[in-house]
Amino acid sequence: MPTWKEKLSITMEPQLVEEIDAFESQIALRRSGKLDEKIFAETRLRRGVYGQRYDNGHRNDGVRTQELNFSSDLTKGPDTLWDAPGMQRIKIPFGGVTPDQMDTLADLAEEYSDSVLHVTTRQDFQLHYVHIDDTPNLMRRLAAVGITTREACGNSVRNVTACPLAGVCHGEVFDVTPYARATAKFLLGHPDAQGFGRKFKIAFSGCRERACGLVNMHDMGGIAVTRTENGMEKRGFELYVGGGLGAVPHDAKLFEPFLPEEELLPTAQAVARVFARLGEKKNRAAARIKFLVAKLGIEEFRRLVLEERKTMVPDPRWTGYLPEVAEFKENPLKEPVPLNGQRPEGFEKWYSTNVYRQKQAGYAVATITLPLGDLTSSQMRQLADLARSFTGDNVRTTVEQNIVLRWVSEADLPELYRELVRMGLGEPGAGTIVDVTACPGTDTCKLGIASSRGLAAEIRTRLAAKLFTLDEAVKNLHIKISGCFNSCGQHHISDLGFYGTSRTIGNRKVPHFQVVLGGKWEDNAGAYGLAIGTVPSKSIPEVIERITGRYVRDRNGNETFQEFIKRIGKQELRGMLENLMQVPAYEKDRSFYSDWGDPREFTIGDLGMGECAGEVVSAAQFDLADAERLVFEGQLHLDSGDYAQADALAYRAMIQAALSLVKTQFQSVRNDSDTVVSEFRARFYDTNILGDRYAGNKFAQYLFRRHDSPPHEHTLDRARRIVEEAQLFIEAVYACHDSLTERGSAPISIKAVGKP
Amino acid sequence: MEVQRFGVKFFVADPPSVRLHDFIQIFHGWIQKQTVENHLLIDVHNYSHIHNGPGILLVAHEGNFSMDMADGLPGLLYCRKTPTTGTPVDHLETILKSALQACNLLEGEVRFRMDDFLLLANDRLNAPNDDECFSQLKPIVSDALERVFGHTKYTLTRHSENPKERLVVRVAGN
């Protein structure tokens, strides 16, 4: 039977082939109980393989909590059953996808998921109800079209986002696309970005004023700026660090008003090193960089980063991409022709909300409004064909969970609209109050408290019918909903934001939403909203009616919604909602005791442990797990009679294990085998650290012997011995690492960084 | 032909009678009683907001059931996820029986056509949508249909010749 591995190995980048094969080996190791569940959990998260609600094997069915009796009790992480369906997140840097990639995404959704693709609030795609055993092939098929899922989750650099109008926007300073792409590529798998205690999100914006890349709410973000030097215009970034939403939102702090473009990547690397070194590791609730920046203060944080920057060995990649920036441009498929000819029914409304005229005359961006960020495989495939017909490769996802087609010749807009209507994707209202953003919430997320998608669907249905009769000031407000306080739905930066919570009435739980008013989407997420009070889920639509109605009636002239909320004040706003906060008795109205779109009586008993943060696993533990994988693969080659390969892999495994220890003292060590062995010998063998308590020096001899005397011929006996020795050596390194960790000496000291 | 991931869709006989949201409650009820044999029923997902989408989805470990709205034609869709044992004919027989079981459970709510339905090979690697695969699949389908429905005569046609789409066989009673 053919396999995707065989079929696609020649079309994938060799590095991706190796990475995905390695992940498949790690799956096999976990299946055989040879890889710890915590390490495997973080390993899969770093490949975008996420858990889903009910994967702990329990689900409340509305009457009782059922045990989900999967046939296997194997786990893929703490309290996470192997056979339970999971989610696959797929990173799309700056949201850019090609038609061929869209076809592949459509195929994968059909074959491994439920035929639905979900666009996230960070320009990723997500597939739900995926079985972990399918993920290696899913990744291979993505890799064959140039997409990686690496570091889509876990404590890593997540998808690098950028304004979907980058390159075509009237207000931008310059196109940030090539910088976003270079940053994503540079930091992907970068050794300095592996030791975080939490995730790290980066965004780029072309201007300050629009919502653009939402820099203010990111761990690190750059806004395009220029300045004149010696009569020449020079590009750079207004660089921010330490922003973030979560339960307690933090405004990003200005790190540098003008960071020259050639300093972007080294500064990002230096920030990553400082965060990895000093960021919180044990308490994940305080492990984002925003807490570190707040603790140190931006001045001290800046000083540390600049100090770090000075110690770094120059990397040609820092500036290697800059010549491509100058040449970067997108190629439209069609000639620019102004809008003309007949316009189909409904076109004008759609045009008024879903079309943005580009700075390049005769071209436009068409936004495809996706309800709740969802589209089917069939729609995706048809959309890919539309792109091929109208725009070429110029397709992007947006943080408002939509898709945009860029470089549409304006004259093609009516025909494009006809096609979109035929596909069921011709809804107007992009970026308006009906274009509600929601995280997955209780639909699939383990942390979801209330149904953000259910509420979003209800609001959308109610508002869509009257969108074009709404007051203009209300029409362009934003609604964003999160299923819990973690802010994946970005409720803090919305005019009307809501996050899920629960209240106990009598002996029963009632789904509620906290109402957050007056956040600002524009100005790169310019302000966070004000929490007003908690309202039962079923009364939220009335909250929207009441607040927006009052805004229309009582606003002063051109007063913005933010200004209006500030002027009215929390107390009065709360007073307006007071009676909506009441919950009728169960006997009187049971509907309040169920959530939107879910007839089960509401419970929070299904809440699980979040995987967003992953497990905090040290870089050394990762390296050691990789060494174990290599020796495992060596064993497989030994079994199949390929002794040379068995020997090579066992040797690589020992080098990898030695490297893991060396890096705890000397992070920037070169990874060639001579250097690793020499450093290992000096730091752990000659000092007797390895051998002190664990007879490790005996095992270190295995490494030295194999390094100094590689075999001239490969025999079964010799290969078997080296594989066994490699296993023993890895065990000794593990023991040494654990001992050092207990003594508190394994973490890299500041002095040691970059200094042999 | 080694295909494990088959699907089958039985169309609703009277499409206007379908009230999609009713299936949310129905499928939750199935989970409460774990009604479908040989399946671990897990969750219900509401996709009614998607035009011609999966409608209401009932997620099971072994395969997903949905009141599917693809092409605007409501029907009970069953897509197998986990392998079954035996020959390809055995796989298809198992899958047809699972879908029919779900159709029977919905009796009283909605009626299904047994004279016109779709069989999907949800596996582009082993069953690409081409003439060769269709030729290989036809006898497997015929044998499976005979086991499930007896000697009823059926015409088998390729639903679409678009190579990007899955190989789907339209089964029409004579």
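Cysteines, a sheet and a covered strand

Guide: The structure holds 0 disulfides over all chains, a disulfide being a pair of cysteine sulfur atoms within 2.5 Å. A:Cys445 is in no disulfide, and the nearest cysteine sulfur, which belongs to A:Cys484, is 6.1 Å away. A:Cys445 counts as partly exposed because its relative accessibility is 28%. A:Cys736 counts as buried because its value is 2%. Buried means under 20% relative accessible area, exposed means over 50%, and partly exposed lies in between, with a 1.4 Å probe and protein chains only.

This is a predicted model, in which local features need pLDDT of at least 70 and side-chain atom pairs count only at pLDDT 80 or more, while totals for chains, interfaces and linings use all residues. Residues are numbered from 1 along each chain as its sequence is written, chains are lettered from A and ligands numbered from 1 in the order in which they are written, and side-chain values use heavy atoms, with hydrogens and water left out.

Now the sheet. In chain A, 5 strands form an open sheet with mixed pairing, in the order E20-E21-E22-E23-E24. Its edge strands are E20 (437-438) and E24 (530-536) of chain A, each of which pairs on one side only. Helices (H or I, at least four residues) and strands (E, at least two) are DSSP runs numbered from the N terminus, and two strands pair if DSSP finds at least two bridges between them. Strands E22 (residues 496-505) and E23 (residues 508-517) of chain A run antiparallel and are joined by 10 bridges. Within this pair, A:Thr501 stands opposite A:His512 in E23(A).

Helix H18 (residues 540-554) of chain A packs on the sheet, touching E21 (479-482), E22, E23 and E24 of chain A, and its direction makes about 135° with that of E22(A). Contact means heavy atoms within 4.5 Å. Axes are lines fitted to C-alpha atoms, for helices over the stretch in contact, and angles run from 0 to 180 degrees between N-to-C directions. Helix H20 (residues 570-577) of chain A lies across E23 and E24 of chain A, at about 10° to E24(A).

Another strand, E6 (residues 86-90) of chain A, is mostly covered, with 5 of its 5 residues buried. A:Gly86, A:Gln88 and A:Ile90 are on one side of E6(A), and A:Met87 and A:Arg89 are on the other. E6(A) pairs in the antiparallel sense with E1 (residues 49-50) of chain A over 2 bridges, where A:Tyr50 has A:Met87 as its bridge partner. E6(A) also pairs in the antiparallel sense with E9 (residues 125-130) of chain A, over 4 bridges, and there A:Gly86 has A:Val130 as its partner.
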